[in-house]
Amino acid sequence: MAGQQFQYDDSGNTSFYFLTSFVGLLVIPATFYLWPRDQNDEERRIKTLGKVHRNCLWYRLRSGKSGHSAIPTLKKIGLISGWVLLCCLLYKVSIIENREKEYNPYEVLGVDPGASVAEIKKQYRQLSLKHHPDKGGDEVLFMRIAKAYAALTDEESRKNWEEYGNPDGPQATTFGIALPSWIVDQKNSMLVLAVYGFAFMVILPVVVGTWWYRSVRYSGDQILIHTTQLYMHFMNRTPNMNMKRLIMVLTAAFEFDPRSNKEAVMRPTDNVEIPQLIRELGNVNEKKKELPFCLPYSVKSRVLLLAHLSRLEISQTLEEDYWFVIRKCPTLLQEMINVGCQLTMMANTRGGIHAPRLETIENCMKLSQMLVQSLWESKSPLLQLPLFEEEHLKYCLSKKYKVRTIQDLVSMKDADRRNMLRFLSEEKYEEVLAVLGNFPHVTMKIKLQVLDDEDSSNITAGSIVTVTVALKREDMTAIFEKEQEQSACMNEEQENDDIQGAAGAKSKKKAWQKNKGAKKLAKSKKKKQTKKKGVTQTTQQPAEQQKQKPKHSQANGSVVAGNDPAHREEEDDDLSDKGSESEEETTNKDSQSEKDDDSDKETEHEEKDDEAEWEALQQSIQRRERALLETKSKITHPVHTLYFPEEKQEWWWLYIADRKEHTLISMPYHVCTLQEEEEIELKFSAPYKPGNYQYSVILRSDSYMGLDLIRPLKFEVQEAKQIPETHPQWDIPETEEEEEDQEDSEGIEDSEEEEEDND
């Protein structure tokens, strides 16, 4: 369109459309995700947990903070203000639409589009008399009426309206800018340029740089890369770490160094309080000159961790640092286990790397249990229960009860348990039972198979073995209920025995009389058995022979009547031959039928086995697909921890190990979704030497002490099937000449084989 002009919308009304859409995209999702949930639900959950976990440190901290946080109120105020702004923008947009309606002279005059000039003049006369300013009408409306009348009575303007939609003819195209009008104004150009440069040349590079800096420094689990390298160095250097060395390496993490982490703080009071804790703890290797174990941050974090394990009181000035160290240690221990697994895999694939021993990785898992329960490994697991102290263990470890584990305490009878815990009042005893009933009881079922092989039960050298572990988690209360049912059944049986004993006491006999009666009964039984044997032997004769006996006697009778002994002997021989032939035929038929039945049964069993293997393969594939698609919640069951400052969920480690060789067979799988039932697949490559092997499937808790499960895994490795060096289907000729030569050679071989057969 030649001569077309472009005009911008200087009013800036178009910017309201952009602002409305932008604010809506922010406010609607933010309301869905950030609107505070009902605090009553959280309070109810805390109250339900209070029945069991009210002695836990994390519960006391959580209940003390509940109802006093201002963050939910601030969130609500921010979201409500955002919705108010969105409503204002929507109202502004609706006004703009009303103001900028398309101009239509026919609608202004109130006539039809095909009206004649006379009808237009008549309607204009009526409206002018009504809306003229001299008669009290609206001046703006009268001007619009006059303009519409002029546009429809003039032929040229009416033609422009019909062709271009405007009485004045073609107009310039206008474009709206989605920015306020003051930004486009030339007076504010320098200010707008400065803001633009600051936003895109300062703020954006800083944001991208900080994101890149954090992504380079931290791993996926928000652990410093330097900490991971530190753990890898020491685990490669000392593959077999004892618990003291492991604690030193753990607390040397750079997360506790103020130079690497701003959350870590070194206080002036540390020079007084840390030495006091060292004197109470004893030897903590604070004078060790090896880096970084001798640095102040490492000594401080190590002392706080040892004080936690010893359940020492911490002063208020150290309380914040103490909680920071204890909260950070579980994730650091998980990182140490991951590093140990990586080193094991690297050592198996290439040389020059020392794989950590099984004891080192298991010490990391045990240290996690010790950390959560604030107990040393040598202490009794009964101290995980509330109201239990060291002085109370003498009642449990006495010769009468010999209770050393949680399982021993659960398996006791209620009367014996109450007698043993007589130092507790009735309320405290019920509280201990409530906590004990909340402890986990896990059962484990193991299935071993080779999924990629035709015979899944046959394990060959070097094959990939899949171990499917089915875990079922219950509370200890289920064991209590089973024991109560068993005790009730035992009581009923004892009552019945007592009643029967009282009835039989009247007819008691002397000892020698009982022996005589027993001897008589034994003799009568023997006689009956011998009689029964004779009857069974006679009845077991075949019915065919019994039918043939009268025929044989009739034949003999006729021969005797003829007085011909030679003829009689020939008939006897013929009959005996016929009888033997018939018996052989029947036995052959029976054996063939039995063989046919056996073959049919074998084929049926093979078909059933194939169907079962196929179903197992399909189920495993479906399980993998579901595991990839589903994301299960990691909230399982809160752990009862007396001195841990955070709510800890109940998680487990599952792995396969060779305890004789002190090596890992499969990498530990962190089970974080075991609420009731869970099925996990562990894979490992079978040994390359045939023979019998025994591994161990181990389930370890990361929170409780003394509840680990170890199950043997026995299997036999057979020799792998040898693949033939040449296969007729793989000898593919490349040219036609080779095909002809191959056919000629095959024909010669066939003719030679025929000649050999004829010979």
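1. F256, E263, A264, V265, M266, Y297, K300, S301, L304, D321, F324 and V325 line the largest cavity of this predicted model. A cavity here is a set of points, on a 1 Å grid over the protein atoms alone, where a 1.4 Å probe fits but cannot get out; lining residues have an atom within 4 Å of a point.

2. On conventions: residues are numbered from 1 along each chain as its sequence is written. The model is predicted, with local features needing pLDDT of at least 70, side-chain atom pairs counting only at pLDDT 80 or more, and totals for chains, interfaces and linings using all residues, while side-chain values use heavy atoms, without hydrogens or water.

3. The whole-structure search returns one cavity of 30 Å³ or more. The volume of the largest cavity is about 110 Å³, taken as the space filled by probe spheres set on the points, which are joined across faces, edges and corners.

4. Two helices, α14 (296–309) and α15 (316–349), each give at least two residues to that lining. The largest share, four residues, is from α14. Helices are DSSP runs (H or I, at least four residues), numbered from the N terminus.

5. By class, the lining has eight nonpolar, one polar and three charged residues. Ala, Val, Leu, Ile, Met, Phe, Trp, Tyr, Cys and Pro count as nonpolar, Asp, Glu, Lys and Arg as charged, and the others as polar.

6. M235 sits in helix α11 (residues 225–237). M235 counts as buried because its relative accessibility is 0%, the cut-off being under 20% relative accessible area with a 1.4 Å probe, protein chains only.

7. Beyond four places in sequence, M235 contacts M241, M336, V339, G340, L343, H354, P356 and T360 (contact: heavy atoms within 4.5 Å).

Notes
On a 1 Å grid over the protein atoms alone, a cavity is a set of points where a 1.4 Å probe fits but cannot get out, and a pocket is an open set with protein on both sides within 12 Å along at least five of seven lines; lining residues have an atom within 4 Å of a point. Buried means under 20% relative accessible area, exposed over 50%, partly exposed in between (1.4 Å probe, protein chains only).
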